[in-house]
Amino acid sequence: MLVLGIESTCDETSCAVVADGKQILSNVVSSQIDLHEPFGGVVPELACRRHVDILLPILQESLRQANVTLPEIDLIAVAHGPGLIGALLIGLNAAKSLALALNKPFIGINHIEAHLYAAMMSQQELAPFPYLGVVISGGHTALIKIHNLGEYELLGQTVDDAIGEAFDKVAKMLNLPYPGGPQIEQLARLGNPSSYPFKPGKIKGRPLDFSFSGLKTKVLYTLKGQNLRNGEQTPPLSLQEQRNLAASFQYAALTDIVEKTLKAAEQHQCRTILFGGGVSNNQALRHLFAQASPATQYYWPGPGLSLDNAAMIAGLGFHQYHRQGKSDPYHLEALTRIAL
Ligand code: KG4
Ligand code: ZN
């Protein structure tokens with residue numbers, strides 16, 4: 001079964017063709033980093049306009065790379081949330097139009113669920129359920145027990161900033177380009193993680209929830225304290241001080257993820273932990289997990305599957321269609337928030 005996937009929830013426009021939920025024939029992703037970089041974050045109106053301009057060329061390229069034509073597609077899957085409303089509408093309406101014009105079945109996919117599926121898609125064989133799913137992206141931070149595909153239980157989530165958002169904001173404070181996560185990771189490589197005693201947030205009575213806004217503010221005050229004395233500007237941080245700050249922030253944020261994830265996996269008897277979302281690209285995180293619990297089985301998304309992409313949408317679309325049938329293109333709405 002050939003599934004065309006369409007993804008436009010935030011600042012990546014992507015189309016993919018996937019066979020039988022697993023075999024990726026094409027996965028074309030156009031990032032808007034150049035567009036948003038001058039603003040230090042995603043500007044929703046600009047994101048929508050770029051999606052409009054680029055979606056059809058990306059669709060054509062994904063078909064060309066997969067060497068298939070539209071009539072050969074069996075199902076059209078689209079991320080209909082969560083995301084930026086205007087951005088979602090572009091992909092959703094393109095998918096609906098294609099489905100109606102070509103008389104093909106159509107299905108709406110939850111972007112977060114697809115991030116979790118991306119790690120499963122990357123495995124040759126799957127271990128038995130349940131898994132602990134860890135979504136760590138620019139918009140979400142959540143621990144989810146995966147009883148089966150389509151059966152999820154939310155165990156914990158952030159009460160304020162998402163982890164990727166915290167990386168991006170700290171990077172902005174250090175005048176690093178957007179998106180900040182990879183920049184912080186690179187800067188932190190030569191830094192000392194115990195230079196600054198940063199601590200991530202704890203939420204009373206909710207041991208599996210996250211809070212990153214206090215940590216981010218602590219970084220800001222540390223920077224201000226360095227730069228402003230008696231109202232006067234002091235010289236900016238030296239490169240080594242910046243490296244130490246980035247390393248200390250990264251260490252605090254990532255060890256929080258590691259500790260709460262392993263606690264949840266133990267409490268909920270999940271022997272396999274799988275990851276989704278852009279922050280799962282971080283090599284320091286992978287190293288910390290391997291060190292903290294070497295016996296645990298980890299499923300990391302394969303190349304091109306951790307950041308937003310349409311292959312994960314098409315892949316999950318295949319399974320969801322077999323499980324619960326198609327969506328109605330006349331009624332499916334774009335949703336800025338969707339619970340799993
Ligand atoms: O999954 P994604 O493409 O978008 C959302 O659905 O949000 O994730 C993007 C986020 C950004 O915040 C980016 O800074 C972060 O993932 N990110 C990283 C790394 N690579 C991407 N954060 C830390 N370390 C990285 N290597
Ligand atoms: Zn995402």
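**Exercise 1. Sort the residues of the shell around ligand 1 into nonpolar, polar and charged.**

Solution. The shell divides into 5 nonpolar, 13 polar and 3 charged residues. Here Ala, Val, Leu, Ile, Met, Phe, Trp, Tyr, Cys and Pro count as nonpolar, Asp, Glu, Lys and Arg as charged, and the others, Gly among them, as polar.

The model is predicted: local features need pLDDT of at least 70, side-chain atom pairs count only at pLDDT 80 or more, and totals for chains, interfaces and linings use all residues. Residues are numbered from 1 along each chain as its sequence is written, chains are lettered from A and ligands numbered from 1 in the order in which they are written, and side-chain values use heavy atoms, without hydrogens and water.

**Exercise 2. Find which residues come nearest to ligand 1, and which polar contacts reach the ligand.**

Solution. 
- Step 1: take the side chains. A polar side-chain atom of glutamate 185 is 2.8 Å from a nitrogen atom of ligand 1. Histidine 111 has a side-chain N or O atom 3.4 Å from an oxygen atom of the ligand. A polar contact is a pair of N or O atoms within 3.5 Å; within protein, one must be able to donate a hydrogen and the other to accept it, and residues adjacent in sequence count only if both atoms are side-chain atoms.
- Step 2: take the backbone. Glycine 278 places a backbone N or O atom 3.0 Å from a ligand oxygen.
- Step 3: find the elements. Helices H4 (111–121), H5 (163–173) and H6 (180–188) each give two or more residues to the shell. H6 gives the largest share, 4 residues. Helices (H or I, at least four residues) are DSSP runs, as are strands (E, at least two), numbered from the N terminus.

**Exercise 3. Is glutamine 32 buried or exposed, and what does it touch?**

Solution. 
- Step 1: locate it. Glutamine 32 sits in the loop between strand E3 (23–31) and helix H1 (33–36).
- Step 2: check the area. Glutamine 32 is buried because its relative accessible area is 0%. Buried means under 20%, exposed over 50%, partly exposed in between (1.4 Å probe, protein chains only).
- Step 3: list the neighbours. Leaving out residues up to four places away in sequence, glutamine 32 touches Asp11, Thr13, Ala47, Arg50 and His51 (contact: heavy atoms within 4.5 Å).
- Step 4: The side chains of glutamine 32 and histidine 36 are joined at 2.7 Å.

How values were computed:
A residue is near a molecule or strand if one of its heavy atoms lies within 4 Å of it.
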